[in-house]
Amino acid sequence: MKITRLLKAIVITAAMAISQFSFAADIEANADDNDIAIKGYDPVAYFTQGKAMQGSHKYSATYKNAIYHFSNANNRDLFKANAEKFAPQYGGFCAMGVAMKLKFDTDPQAWRIVDQKLYLNLSKTVQKKWLSDIPGHIDTAENNWGELKGLTPAQAKANSL
């Protein structure tokens with residue numbers, strides 16, 4: 001009887017640890033309730049076409065527990081070959097928000113490629129602030145991301161108060 005209770009306790013504890021680990025990985029990427037990143041926009045198109053382009057569910061790939069859509073098979077294949085190159089920085093959360101120790105959603109139309117990396121912002125208005133000191137905001141965001149990436153947006157907000 002004691003062994004059964006002990007085994008049950010070990011299984012429950014392990015399951016809780018696994019679910020916490022999975023949850024932490026899930027919040028590293030900014031995705032909607034269906035796990036779609038960048039509101040379905042094609043992350044490769046920012047680099048290859050120089051503009052924000054809506055992707056299609058016909059061409060998709062998964063990276064860091066988020067599903068990315070692409071406008072064509074070639075873009076999907078480029079992403080699959082080197083997702084880290086094309087995926088937005090900070091898991092697709094707002095670059096200015098991360099610089100402020102917060103996790104905000106993004107507008108796929110408020111974007112910029114800097115040093116071959118894709119950065120997204122909450123809005124074009126927020127992006128204007130981010131553009132005022134791109135190197136400084138990136139440095140600050142890089143320092144903050146390690147602490148933020150495992151937090152939900154609500155936890156990040158609570159920590160910043």
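## A guided tour of the predicted model

Begin with the largest nonpolar core, which holds 20 residues; select I38, Y46, Y68 and F79, the members that touch the most others. Several elements each contribute at least two residues to this core: helix 2 (43-48), strand 1 (56-63), strand 2 (66-70), helix 4 (83-86) and strand 4 (117-121). The model on display is a predicted one.

Keep I38 selected and show its surroundings. Leaving aside residues up to four places away in sequence, I38 touches N30, P43, Y46, Y68, P88, P108 and L120. Next, colour C94, M96, Y119 and W145, which are among the 17 residues of a second, separate core. In soluble globular proteins, nonpolar side chains tend to be buried together.

**The whole chain**

The protein has 8 helices and 4 strands, and from the N terminus the order of elements is α-α-β-β-α-α-α-β-β-α-α-α. Of the 161 residues, 40% are buried. Among contacts between residues at least 6 apart in sequence, 58% join residues at least 24 apart. With a surface displayed, the accessible area is about 9400 Å², and carbon and sulfur atoms account for 55% of it.

**The hairpin of strands 1 and 2**

Select strand 1 and strand 2 together. The two strands run antiparallel and are joined by 5 bridges. To see how they face each other, pick S60, which stands opposite H69 in strand 2. The hairpin leaves 2 residues between its strands, and K64 lies in the turn.

Most residues other than glycine have a negative phi. K64 is partly exposed, with a relative accessible area of 43%.

Is D115 buried or exposed? D115 is exposed, because its relative accessible area of 72% is over the 50% cut-off.

**Salt bridges**

Finally, display charged side chains; the whole structure contains 3 salt bridges. Side chains of opposite charge can pair when their charged atoms come close.

The first stop brings the tour back to K64, which pairs with E28; their closest N and O atoms are 3.1 Å apart. E28 lies in the loop between helix 1 (2-26) and helix 2, whereas K64 lies in the loop between strand 1 and strand 2, so the pair ties together parts that are 36 residues apart in sequence. E28 is buried, because its relative accessible area of 18% is under the 20% cut-off.

For the next stop, select D105 and K39, whose closest N and O atoms are 2.9 Å apart in a salt bridge. This pair links distant parts of the chain, 66 residues apart: D105 is in the loop between helix 5 (95-99) and strand 3, and K39 is in the loop between helix 1 and helix 2. Both partners count as partly exposed, D105 at 40% relative accessibility and K39 at 44%.

The last stop is R76 and D77, whose side chains meet in a salt bridge with an N to O distance of 3.1 Å. D77 counts as partly exposed at 40% relative accessibility.

Key
Residues are numbered from 1 along each chain as its sequence is written. This is a predicted model: local features need pLDDT of at least 70, side-chain atom pairs count only at pLDDT 80 or more; totals for chains, interfaces and linings use all residues. Side-chain values use heavy atoms; hydrogens and water are left out. A nonpolar core is a set of buried Ala, Val, Leu, Ile, Met, Phe, Trp, Tyr and Cys residues joined through side-chain atoms within 4.5 Å. Buried means under 20% relative accessible area, exposed over 50%, partly exposed in between (1.4 Å probe, protein chains only). Contact means heavy atoms within 4.5 Å. Two strands pair if DSSP finds at least two bridges between them. Accessible areas come from the Shrake-Rupley method with a 1.4 Å probe; for residues, only the protein chains shown count as cover. A salt bridge is a side-chain nitrogen of Lys or Arg within 4 Å of a carboxyl oxygen of Asp or Glu.
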